[in-house]
Amino acid sequence: MEETLKQLAYQIVEQISRVVKKEAKKNFYKLGKTIGIGADGSPTSYIDKVAEDVALAILEKSAVKANLLSEEKGFVDFGGTSVFVLDPVDGTRNAYRGIPFYSVSLAIGTSKISDIEYGIVKNIPTGDVFTAEKHQGAFLNNTRIRVCEMPSAEMLSSISLGKNYTLRAGTLSKKGNIRSFGSASLEMCMVALSALDFYFVGRDILRVVDIAAATLIVREAGGVVKTITGENLDMDFDLVGRTSVLAGCSEKLIRDLLLKA
């Protein structure tokens, strides 16, 4: 991966983080205001637009050319060969409700998750930065991280419930202890860190912008990311596709969970 592309990605992530934190202090009660409709047809919140505008401004002025696929704007051609897959604020609801667990997520690839070369996920409230480069490992704040060697005797997991409840989710929720945090990218990074044994979303609801960077981070930490049908997760760079996710520390754990669910 070209160093200039990584530096550009890091610049975007850091600037978005600064702007979002500033807005959270100055305009907290505006963060969740709906101001339009995004390229995927979902409502655009004030904070999503502010964050995405940061990336657009940087890429427009950059001598290093990279295209953008982002939650609100969709695909923007800046004349590059690489694509920055960006979720400006993953966990928007957390952000505007004051829950300190939301991120900016950026991956660099060309056309699909399996060709992603580099990924960054930054927890905006805490400042923690997860990174991974293909075949080079995964890191938290520049310290190498790994998934757990084996699940805890009482597994700790994050499972999507509520309106996204499925029978499989209900079955898995009876095993061990459950957390549900509201930011897919960070929850997957918790698997990479071995803070969680697995992360489960049983419906096809997640977009490539939500999980592109985190998928690389989990895999580079030695983990496994599949769909609930047991296939290796891969997605094209567009806003049309939706997927389920089962991320865990090993193939065996994934197989066991799919058999029991």
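Modeller: Two residues are in contact if they have heavy atoms within 4.5 Å of each other. Keep that in mind as we walk through this model, which is a predicted one.

Colleague: Let me start with the helices. Which residues of H1 meet which residues of H2?

Modeller: From H1 the list is Leu-8, Gln-11, Ile-12, Gln-15, Ile-16, Val-19, Val-20 and Glu-23. Their counterparts in H2 are Tyr-46, Ile-47, Val-50, Ala-51, Val-54, Ala-55, Ile-58 and Leu-59. Sorted by kind, the residues of this contact are 13 nonpolar, 2 polar and 1 charged. As for the spacing you see in the numbering, an α-helix has 3.6 residues a turn, so residues three or four places apart point the same way.

Colleague: And how are the two helices placed? At what angle do the axes of H1 and H2 cross?

Modeller: The general idea is that two packed helices are described by the angle between their axes and the distance between the axes. Here, H1 (residues 3-26) and H2 (residues 46-61) cross at roughly 145°, and their axes come within 9 Å. The crossing is right-handed.

Colleague: Which strands does H1 lie across?

Modeller: H1 lies across E5 (83-90), E6, E7 (118-123) and E8 (129-133), and it runs at about 165° to E6.

Colleague: That brings me to the sheet. What is the order of its strands?

Modeller: In general, strands of a sheet pair through backbone hydrogen bonds, either parallel or antiparallel. This open sheet has 8 strands in the order E4-E3-E5-E6-E7-E8-E9-E10, and the pairing is mixed. At the edges stand E4 (74-76) and E10 (143-145), each of which pairs on one side only. Leaving direction aside, neighbouring strands are turned by 20° against each other on average.

Colleague: Could you take me through some of the pairs? How many bridges join E7 to E8?

Modeller: There are 5 bridges between E7 and E8, which run antiparallel. To find your place, look at Val-121, whose bridge partner in E8 is Phe-130. The two strands form a hairpin with 5 residues between them, and Gly-127 in the turn has a positive phi of about 85°. On its way onward, E8 pairs with E9 (residues 137-140) in the antiparallel sense over 4 bridges. In that pair Glu-133 stands opposite Gly-137. This hairpin has 3 residues between its strands, and His-135 there takes a positive phi near 70°.

Colleague: Which residues lie on each side of E8, and are they buried or exposed?

Modeller: In a regular strand the side chains alternate between the two faces of the sheet. In E8, Val-129, Thr-131 and Glu-133 are on one side, Phe-130 and Ala-132 are on the other, and all are buried. With 5 of its 5 residues buried, E8 is therefore largely enclosed by the rest of the structure.

Colleague: How many residues of H5 are buried?

Modeller: The count is 9 of the 10 residues, so H5 is largely enclosed by the rest of the structure. Among them are Leu-186, Met-188, Cys-189 and Glu-187. Just after H5 comes Ser-194, with a positive phi of about 75°. Ser-194 sits in the loop between H5 and E13 (198-206), and counts as partly exposed at 34% relative accessibility.

Colleague: Where is Asn-141 found?

Modeller: Asn-141 is in the loop between E9 and E10. Its phi is near 50°, a positive value in a residue other than glycine.

Colleague: Last topic: how many aromatic pairs are there?

Modeller: Rings are taken as a pair if their centres lie within 6.5 Å, and by this rule there are 2 aromatic pairs. Phe-28 and Tyr-29 have ring centres 5.2 Å apart and planes at 85°, so this pair is edge-to-face. Phe-28 is partly exposed at 24% relative accessibility, whereas Tyr-29 is exposed at 80%. Phe-101 and Phe-181 form a tilted pair, 5.1 Å centre to centre with 35° between the planes. This pair links distant parts of the chain, 80 residues apart: Phe-101 lies in the loop between H3 (92-97) and E6 (103-109), and Phe-181 in the loop between E12 (177-179) and H5 (184-193). Phe-101 is buried at 13% relative accessible area, while Phe-181 is partly exposed at 29%.

Definitions and conventions: Residues numbered from 1 in each chain as written. Heavy atoms only, no water. Phe/Tyr/Trp six-rings, centres within 6.5 Å; stacked < 30°, edge-to-face > 60°. Buried < 20%, exposed > 50% of the residue type's maximum accessible area, 1.4 Å probe, protein only. Axes fitted to C-alpha atoms, helices over the stretch in contact; angles between N-to-C directions. Left-handed = near helix turned anticlockwise from the far one by under 90°. Nonpolar A, V, L, I, M, F, W, Y, C, P; charged D, E, K, R; others polar. Pairing = 2+ DSSP bridges.
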